[in-house]
Amino acid sequence: MAKKRRNDDLDTTTTFADMNLDGFRWYDPYLKKHGKRREKQSVSRKEYWAMVRGMFLAVAPFVLGAILVFGLLAGLAYLWLS
């Protein structure tokens with residue numbers, strides 16, 4: 001019968017490899033540089049909606065351009081096939 005392992009014997013503090021790698025979800029360049037994690041910053045409701053509005057304003061020209069190009073292509077296809 002196998003010997004049961006006690007929780008006191010389990011070493012959970014030893015690090016064998018740095019898991020802070022580019023591309024991982026938890027990658028934090030601040031941690032690599034300073035050796036400690038950043039504090040979470042709270043964002044007010046007004047700031048949150050300002051960021052959302054800014055994101056829409058940044059993406060809007062690309063979306064409108066894609067809609068315009070699609071419309072032109074659909075119009076040309078309609079003229080060509082009619």
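What we have is a predicted model, in which local features need pLDDT of at least 70 and side-chain atom pairs count only at pLDDT 80 or more, while totals for chains, interfaces and linings use all residues. Residues are numbered from 1 along each chain as its sequence is written, and side-chain values use heavy atoms, with hydrogens and water left out.

The chain holds 2 helices and 0 strands, where helices (H or I, at least four residues) and strands (E, at least two) are DSSP runs numbered from the N terminus. Of its 82 residues, 4% are buried, meaning under 20% relative accessible area, with exposed being over 50% and partly exposed in between (1.4 Å probe, protein chains only).

Turning to H2, this helix has 37 residues and spans 52 Å from its first C-alpha to its last, close to the 54 Å expected at 1.5 Å a residue, the expected span being 1.5 Å times one less than the number of residues. Among those 37 residues the count of buried ones is 1, so H2 is hardly covered. At Val59 there is a kink of about 40 degrees, shortly before Pro61, the bend being the angle between axes fitted to the seven residues ending there and the seven starting there.

Which residue pair is edge-to-face? By the pairing rule (ring centres of Phe, Tyr and the six-membered ring of Trp within 6.5 Å; planes under 30 degrees apart stacked, over 60 edge-to-face, the rest tilted), the count is 1 aromatic pair. Tyr48 and Trp49 form that edge-to-face pair, at 5.1 Å centre to centre and 80 degrees between the planes. Tyr48 is partly exposed because its relative accessibility is 44%, and Trp49 is likewise partly exposed, at 49%.
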